[in-house]
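Welcome! Take a moment to look over the chain before reading on, and then let us walk through it together, one region at a time.

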Amino acid sequence: MSRQRGERLSRERQKSEIEAILFAMGEAVDADRLAKAMEISVSEVMELVYEMKAAYESEERGIQIIELEGAFQLCTKKEHYDCLIRIAKQPKKTALTDVVLETLSIIAYKQPITKIELEKIRGVKCDHAVNRLIEYGLVKEVGRLDAPGRPLLFGTTEEFLRNFGVQSLAELPAVNPVKLADFKAEAEEEVELTLKL
């Protein structure tokens with residue numbers, strides 16, 4: 001079956017499959033795994049990869065295939081590192097609004113926490129803020145509460161720790177009890193004003 005498939009596909013098509021696999025994996029893939037995925041022999045894979053390596057090296061391409069102990073990885077050419085460093089150092093456009101930041105703070109200090117608990121604390125719906133935080137990779141689903149309806153529990157991610165420059169949640173600054181009481185009073189006043197309107 002593998003030989004039939006190999007004979008059906010053109011060499012260019014086989015090379016495009018190898019390129020797709022290496023790009024999608026983002027790490028070194030050994031020749032045996034490539035051969036199994038493509039249903040061809042290891043020697044055929046090696047031949048195709050070496051042809052691709054030569055083509056990438058001879059052409060004005062930004063990528064190359066490197067070999068690491070019988071495995072192959074698609075990566076950028078070192079002569080382009082300066083350009084990559086400049087773009088990697090550019091600040092991200094993502095900005096957290098006050099609402100999103102407030103929601104993130106509550107999750108960070110109260111995790112694991114459900115949306116219902118979040119909404120009780122904030123006094124408003126939190127769907128948009130939670131979805132935005134998940135999209136940014138700062139919050140994730142960490143399980144389900146053992147209660148009726150089994151609501152989702154949310155917690156922070158490693159990305160949250162990286163972005164806020166802490167190694168663990170234990171390093172988060174302690175909340176001042178006086179300020180906490182002030183925040184609670186402010187929140188209660190806002191709720192009362194909203195109800196009166």
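## An aromatic pair

The structure holds 1 aromatic pair. Rings of Phe, Tyr and Trp (its six-membered ring) pair if their centres lie within 6.5 Å; planes under 30 degrees apart count as stacked, over 60 as edge-to-face and the rest as tilted. The rings of tyrosine 50 and phenylalanine 72 have centres 6.1 Å apart and planes at 85°, so this pair is edge-to-face. Tyrosine 50 sits in helix H4 and phenylalanine 72 in strand E3, 22 residues apart, and the pair thus links distant parts of the chain.

Are the two partners buried or exposed? Here buried means under 20% relative accessible area, exposed over 50%, and partly exposed in between (1.4 Å probe, protein chains only). Tyrosine 50 is partly exposed at 37% relative accessibility, whereas phenylalanine 72 is buried at 0%.

## About the model

This is a predicted model, in which local features need pLDDT of at least 70 and side-chain atom pairs count only at pLDDT 80 or more, while totals for chains, interfaces and linings use all residues. Residues are numbered from 1 along each chain as its sequence is written, and side-chain values use heavy atoms, with hydrogens and water left out.

## The whole protein

The secondary structure comes to 10 helices and 5 strands. Helices (H or I, at least four residues) and strands (E, at least two) are DSSP runs, numbered from the N terminus. Buried residues make up 26% of the 197 residues in the protein.

Contact means heavy atoms within 4.5 Å. Among the contacts with a separation of 6 or more, 44% are between residues 24 or more positions apart.

Strands of a sheet pair through backbone hydrogen bonds, either parallel or antiparallel.

How many bridges join E2 to E3? There are 6 bridges between E2 and E3, which run antiparallel. Isoleucine 65 has leucine 74 in E3 as its bridge partner, and glutamine 64 has cysteine 75 in E3. E2 and E3 form a hairpin with 2 residues between them, and glutamate 69 in the turn has a positive phi of about 50°. E1 pairs with strand E3 (residues 71-76) in the antiparallel sense over 2 bridges, and aspartate 30 stands opposite alanine 71 in E3.

Axes are lines fitted to C-alpha atoms, for helices over the stretch in contact, and angles run from 0 to 180 degrees between N-to-C directions.

## Two crossing helices

The axes of H6 and helix H8 (residues 127-135) come within 9 Å and cross at roughly 80°. H6 and H8 are therefore roughly perpendicular to each other; angles under 35 degrees count as roughly parallel, over 145 as roughly antiparallel, 65 to 115 as roughly perpendicular and the rest as oblique. Val99, Val100, Thr103, Leu104 and Ile107 of H6 make the contact with Ala129, Val130, Arg132 and Leu133 of H8. By class, this contact has 7 nonpolar, 1 polar and 1 charged residues. Ala, Val, Leu, Ile, Met, Phe, Trp, Tyr, Cys and Pro count as nonpolar, Asp, Glu, Lys and Arg as charged, and the others, Gly among them, as polar.

Threonine 156 belongs to strand E5 and counts as buried, at 11% relative accessibility. Leaving aside neighbours within four places in sequence, the contacts of threonine 156 include Leu104, Ile107 and Leu169.

Glutamate 39 has a positive phi of about 60° although it is not a glycine. This residue is found in the loop between helix H3 (31-38) and helix H4 (42-58), and glutamate 39 is partly exposed, with a relative accessible area of 29%. Arginine 150, also not a glycine, has a positive phi near 45°. Arginine 150 lies in the loop between strand E4 (139-144) and strand E5 (152-156) and is partly exposed at 42% relative accessibility.

Finally, the peptide bond from glutamine 111 to proline 112 is cis, with omega near -5°. Proline 112 is in the loop between helix H6 (98-110) and helix H7 (115-122).

Methods
Two strands pair if DSSP finds at least two bridges between them.
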